[in-house]
Amino acid sequence: MKTKITSSVLEAARFILKGELVAFPTETVYGLGANVFEEQAIQKIFDVKGRPADNPLIVHIAHFSELGLLAKRLTPIAGKFIEHFFPGPLTVILPRSKFVPKIVSAGLDTVAVRMPAHQVAHRFLEACGVSIAAPSANLSGRPSPTTWQAVKADLDGKISCILKDEQSQIGLESTVVDCTGKVPLVMRIGAVSLEALQSVVPETRLYQPKNLKSPKSPGMKYRHYAPHAHVCIVHSPDDIQSLNSSSAYIGLHNLPSHIKVAKKHICHDLNDYAHALYHFFRECDAVGIEKIFCEAVAEEGIGLAIMDRLRKAAAS
Ligand code: TXA
Ligand code: MG
C-alpha cells in the first residue's frame, strides 16, 4: 500500500469515509484514526499497530453533540471535567452506548472520549463527519509519535494516509480519567495534571491496580513508550556512571563539563521536557544510541506524567 502524505484535511477525511486508516495530528501526540462505527476499519488499527486486542481505544470528537451517540449517559463527574477541560488533553471514561462496537472498547462496557484542542485535528474530525477511534499512531510498544515523520517511520506502507502538521505541542498523551464510579480514578496520568483535576473534583485519585494482570485500564500492563536504547533514570547528572561513546542525556540540568555524551537535550522547563522526550528517544534510536540517561523530576504538575513515562521506558 502507498501511504499518501498530505496537509489537506478533506483529502485525509475521504480515506476515513472509504473505511481506511488515517494518522492525524493532535496537541498531545499523533493518532491513528478510523470511523468508530466501522468494525472492519477498527480491526485494521489493531492489526497495523500490533496492538493487543484487549487494549481499548479512545474516541475523538469535534462536537459535544457526538457524546449522545457514544455514551449511555453522562455522569455528573464527567460533566464537570468536560466543562473544564474539553477541548483539551483529557480523556473521560463513560458508560458505553450500544452503538459503539465492542471492539473499540476491547469488550469493556465503557468508552473513552476526548475532544482535541488542535485546529487541524478539529477540522479533520469535522470533515469526517463521524467520531474517530484512535490510539497513538506508533507500532505497539514504541514511543508515541510527536511528528508526522515519526508516524511514517513506524507505519509507512501500512496505512492509507498521514495528515501532516507541525510537531505536537504537548508531546505526551492525554490524561485518562474513569468517571463511571463515585470517585474519579486516573487510569493514565498525562498532560492534565492530578492537581488540575483535583481543583475541579477534589476526591480524584490515581488508580492503583490490585492485580496488575487484570487492571481496569488494560493499557497499564503493557511495556510502553520505550526506545530501543536502554533508559536509565538518574537523580542528578552527577550520578551518571558507566558512560560510553553511544550514550545520551536529557534533563533539566546541564552535564558537568567532564561528562561527554553523543547526544543531549537540556530542557528549559517541565513543559519542554514533555515536549521533547519521545522525539529525543526516537532521535537517539535513529543514530544507534545504546543508553539514554534521563534526569528525574519532581512529581508535580506534568512532572508526574514525565516520571510515569520514564519509569515505563526504563522497565525493560
Ligand atoms: O493523547 C492521547 O490520548 C492520544 C491521542 C491520539 O488522542 N491517544 C492515545 O491513545 O494515547 P492510546 O490508545 O495510545 O492510549 C489509550 C489509553 C490506553 O492506556 C487504554 O488502555 C486506555 O487509554 N483506555 C482507553 N479506553 C479505555 C476504557 N474504556 N477503560 C479504561 N482504559 C481505557
Ligand atoms: Mg499508545
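An oxygen atom of ligand 1 is placed 2.6 Å from an N or O atom in the side chain of Ser174, a polar contact in the sense of a pair of N or O atoms within 3.5 Å, where within protein one atom must be able to donate a hydrogen and the other to accept it, and residues adjacent in sequence count only if both atoms are side-chain atoms. Of the 680 Å² of accessible area that ligand 1 has on its own, the protein covers 96%, with areas taken from the Shrake-Rupley method and a 1.4 Å probe, and with only the protein chains shown counting as cover for residues. This is a predicted model, in which local features need pLDDT of at least 70 and side-chain atom pairs count only at pLDDT 80 or more, while totals for chains, interfaces and linings use all residues. Residues are numbered from 1 along each chain as its sequence is written, chains are lettered from A and ligands numbered from 1 in the order in which they are written, and side-chain values use heavy atoms, with hydrogens and water left out.

**Around ligand 1**

- Among the 24 residues around ligand 1, those that come nearest are Thr28, Asn55, His60, Ser174 and Ser217, where a residue is near if one of its heavy atoms lies within 4 Å.
- The side chain of Asn55 has an N or O atom 2.7 Å from an oxygen atom of ligand 1, and the side chain of Thr110 has one 3.0 Å from a nitrogen atom of ligand 1.
- The shell residues divide into 10 nonpolar, 9 polar and 5 charged, where Ala, Val, Leu, Ile, Met, Phe, Trp, Tyr, Cys and Pro count as nonpolar, Asp, Glu, Lys and Arg as charged, and the others, Gly among them, as polar.
- Strand 4 (58–60) and strand 6 (110–114) each supply at least two residues of this shell, and strand 6 gives the most, with 3 residues; strands (E, at least two residues) are DSSP runs numbered from the N terminus.

- An open sheet of mixed pairing is formed by 11 strands in the order 1-8-2-3-7-4-6-5-9-10-11, where two strands pair if DSSP finds at least two bridges between them.
- Its edge strands are strand 1 (4–6) and strand 11 (205–206), each of which pairs on one side only.
- Strand 1 runs parallel to strand 8 (residues 161–163), to which 3 bridges join it, and Ile5 has Ile162 as its bridge partner in strand 8.
- Strand 6 is joined to strand 4 by 3 bridges in a parallel arrangement, and to strand 5 (residues 90–95) by 4 bridges in an antiparallel one.
- Within strand 6, Val113 is the bridge partner of Val59, and Ala112 is that of Ile93.

**Buried residues**

- In strand 6, Thr110, Ala112 and Arg114 point one way and Val111 and Val113 the other way, and all are buried, meaning under 20% relative accessible area (1.4 Å probe, protein chains only).
- His60, in strand 4, is buried at a relative accessible area of 4%, and its side chain reaches the backbone oxygen of Ile58 at 3.3 Å.
- Leaving aside neighbours within four places in sequence, His60 is in contact with residues including Phe24, Glu66, Arg114 and Leu125, contact meaning heavy atoms within 4.5 Å.
- Ala34, in strand 3 (residues 31–35), counts as buried at 0% relative accessibility, and its C-alpha atom is separated by 6.8 Å from that of Val22, which is 12 residues apart along the chain.

Technical notes. Buried means under 20% relative accessible area, exposed over 50%, partly exposed in between (1.4 Å probe, protein chains only).
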